[in-house]
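Thanks for coming, everyone. I would like to walk you through one model this morning, beginning with the sheet, then turning to a helix, and ending with charged pairs.

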Amino acid sequence: MVSVQYQIKNEEGLHARPAADFCKAASKFKSQIAIVKDGNEYEAKSILMVLCVGAEKGDVIELRAEGEDEQEAIDTLVKTLDMAG
C-alpha cells in the first residue's frame with residue numbers, strides 16, 4: 001500500500017469539476033484507491049463518495065492506493081489535484 005498526505009489547494013475545495021476529474025483519473029487504475037479525511041475512508045472511484053469527503057481549501061486528506069499500479073496511481077492523482085488548484 002502507498003499513501004500520501006495532500007493539502008487541498010483549490011479555492012473551492014474538492015467540488016464537482018475537480019472531483020469528476022479526480023474520479024476519472026482514479027478509474028484508470030486497477031488498484032483500490034481511497035481518500036481518508038477525519039478518520040473516514042471514501043472510495044476514490046465514486047464521484048458521490050468523493051463529493052461526500054467535503055474537502056475544502058487547506059484541508060489535509062490522505063490518498064491511499066493498494067494494488068499493482070499503486071505508486072503510479074498516487075502520482076497521477078496528486079498531479080490531478082495540483083492541476084485543479
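Strand E2, residues 32-37, runs antiparallel to strand E4, residues 60-66, and five bridges join the two; strands here are DSSP runs of E with at least two residues, helices are runs of H or I with at least four, and both are numbered from the N terminus. Two strands are taken to pair if DSSP finds at least two bridges between them.

Before I go further, please keep in mind that this is a predicted model, in which local features need pLDDT of at least 70 and side-chain atom pairs count only at pLDDT 80 or more, while totals for chains, interfaces and linings use all residues. Residues are numbered from 1 along each chain as its sequence is written, and side-chain values use heavy atoms, with hydrogens and water left out.

The open sheet has four strands in the order E1-E4-E2-E3, with antiparallel pairing. At its edges stand E1 (2-7) and E3 (40-43), each of which has a single partner strand, so one side of each is left without a neighbour in the sheet. On average, neighbouring strands of this sheet are turned by 25° against each other, direction ignored.

Now to helix H3, residues 70-84, which lies across E1, E2 and E4 and runs at about 150° to E4; axes are lines fitted to C-alpha atoms, for helices over the stretch in contact, and angles run from 0 to 180 degrees between N-to-C directions. The end C-alpha atoms of H3 are 21 Å apart, which agrees with the 21 Å that its 15 residues should span at 1.5 Å a residue, the expected span being 1.5 Å times one less than the number of residues.

Which residues of H3 are buried? They are Glu70, Ala73, Ile74, Leu77, Thr80 and Leu81, where buried means under 20% relative accessible area, exposed over 50%, and partly exposed in between, with a 1.4 Å probe and protein chains only. Seen down the axis of H3, these buried residues fall within an arc of 125°, so they line one face of the helix; the arc is that of the directions from the helix axis to the C-beta atoms. Their cover includes E1, helix H1 (16-26), E2 and E4, whereas the face of H3 turned away from the buried side carries the exposed residues Lys79 and Met83.

Let me finish with Lys37, which is found in strand E2 and, at 13% relative accessibility, counts as buried. Leaving aside neighbours within four places in sequence, Lys37 is in contact (heavy atoms within 4.5 Å) with residues including Tyr42, Val53, Asp59 and Ile61.

Lys37 forms a salt bridge with Asp59, the closest N and O atoms being 3.7 Å apart; the term requires a side-chain nitrogen of Lys or Arg within 4 Å of a carboxyl oxygen of Asp or Glu. This pair links distant parts of the chain, 22 residues apart, since Asp59 sits in the loop between helix H2 (47-53) and E4. Asp59 counts as partly exposed at 22% relative accessibility. The side chain of Lys37 also meets that of Asp38 in a salt bridge of 3.4 Å, N to O, and Asp38 is exposed, with a relative accessible area of 68%. Through shared partners, the salt bridges join Lys37, Asp38 and Asp59 into one network.
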